[in-house]
Amino acid sequence: MSIHTPSGVVPFERACEIVGQYCIRIAPGPPEPVSLLQALGRVLAEPIVADRDFPPFPRVTRDGFALRAEDVRTVPATLRVAGIVKAGSTYSGTVVRGEAVEIMTGASVPDGADAVVMVEYTSRDADQVVVQRTCTKGENIVPAGRESRAGQEMLSRGSRLGFAQVAVAAAVGRTAVQVYKKPRVAILSTGDEIVDAAQSPGPFQIRNSNSYSLAAQVIAAGGEPEVLPIAPDDEPALHGLIQRGLTADMLLLSGGVSMGKFDLVEKVLASSGAEFFFTGAQIQPGRPVVFGQATPSGGRSPVPFFGLPGNPISTMVTFDLFARQVLAALCGATPARLPTVKARLTREIKTKTGLTRFLPSILQGGLLDAEVEVVPWQGSGDLMASARANCYVVVPPDCELLPAGELVSVLLR
Ligand code: AMP
Ligand code: MG
């Protein structure tokens, strides 16, 4: 049995660094083939390569007339309309001096033409067109191969497939792709007072919402949640369930990591030979968060775990800040920064210094003038406040006052 070596309570940035360094060492699961739409949200286990030039031909980007730029150097200029080309076909002849070819967006530029004038700048009379604007060479044409070349990597291994990436894969003919297998994430809520959400709670009991929020966060982040039965605050029972949890690729515990007499998670993990990377972070909510790894019985390689504080907002925030990164690495994703934006604070915030704070907030306002307002909340147990929020205002640890009107950092979720 190895020793419990807590590296203690660390500042937020240090906790992020520790998690980041751990993530670099993670090997994702095996690849599996899935159909393209099934791959949405999954992580590529292979690069996606262009099968042809993009565009494959000099592509016209406007409806109008293909012509020779030098023929419209002085305007208005009258040209003879020699033909028409729609997208999907080409003009069989060559555009010669004094000629134009009526052309549609997405068509290939005819030989001889070197520019396209938008239809809006022309007037048509039978087989003649009067062009009112001059054109520069190449105007409204994307040359073949300008966006990418055949054989070029369009998406790298480790990219997460959003809708734009799905579109790229479709554009190069990949209707099935190799993605990494979804990591299995065991979720273990602890606490004598916690009862299953389907049960009717006694007067002092609390329904288990954390297993649900965590499972939802795991699914959204590309993992496969495995919700374990609720662990009582009892060492042998907790030990057994932790061992079960360690058969997954990652274990998330909720509750039992604070300073209370019945907060047994760290103790039981330590007695199971866990290695701790930090046993708290200088954040609020979520200060007691624990990160480490433990070797499951049977000697498989160590499994990362997080002991997340049981207060519902703490559980959610600490998942977002730390566990999500490890899960992303298990999914095979290239590490990414936390998604933050700046927004103007509508109401001042007063806090105490010492902790990096993540305050449930509402981000709204115009496209170019985002505003953010902290939702009123009764502390990190206030689950209902979290449901009203769509982000967190980040308050640095040295800050006592953020005045209204200040541009503040906002963590999206
Ligand atoms: P703990 O971290 O175990 O000290 O729990 C902190 C607070 O979170 C207590 O008020 C618990 O009742 C509550 N809590 C713990 N686990 C859960 C859970 N799974 N679902 C909802 N609330 C919880
Ligand atoms: Mg508890």
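1. Helix axes here are lines fitted to C-alpha atoms over the stretch in contact, and angles run from 0 to 180 degrees between N-to-C directions. Helices (H or I, at least four residues) and strands (E, at least two) are DSSP runs, numbered from the N terminus.

2. The model is predicted: local features need pLDDT of at least 70, side-chain atom pairs count only at pLDDT 80 or more, and totals for chains, interfaces and linings use all residues. Residues are numbered from 1 along each chain as its sequence is written, and side-chain values use heavy atoms, without hydrogens and water.

3. An automatic or database domain assignment supplies the domain bounds. The protein chain is split into domain 1 (9-29 + 182-331), domain 2 (35-54 + 150-180), domain 3 (59-142) and domain 4 (340-412). Taken over C-alpha atoms, the centres of domain 2 and domain 3 lie 35 Å apart.

4. Helix α3 (residues 210-220) packs against helix α6 (residues 312-330) at an angle of about 30°, with 10 Å between the axes. Angles under 35 degrees count as roughly parallel, so α3 and α6 are roughly parallel to each other.

5. Where do α3 and α6 meet? With contact meaning heavy atoms within 4.5 Å, N210, S213, L214, Q217 and V218 in α3 meet P312, T315, M316, F319, D320 and L327 in α6. By class, this contact has six nonpolar, four polar and one charged residues.

6. A salt bridge is a side-chain nitrogen of Lys or Arg within 4 Å of a carboxyl oxygen of Asp or Glu. The count is 15 salt bridges. One salt bridge joins the side chains of E147 and R59 (2.6 Å, N to O). This pair links distant parts of the chain, 88 residues apart: E147 is in the loop between β11 (141-142) and β12 (153-155), and R59 is in strand β4 (residues 59-60).

Definitions and conventions
Chains lettered and ligands numbered in written order. Parallel < 35°, antiparallel > 145°, perpendicular 65-115°, else oblique. Nonpolar A, V, L, I, M, F, W, Y, C, P; charged D, E, K, R; others polar.
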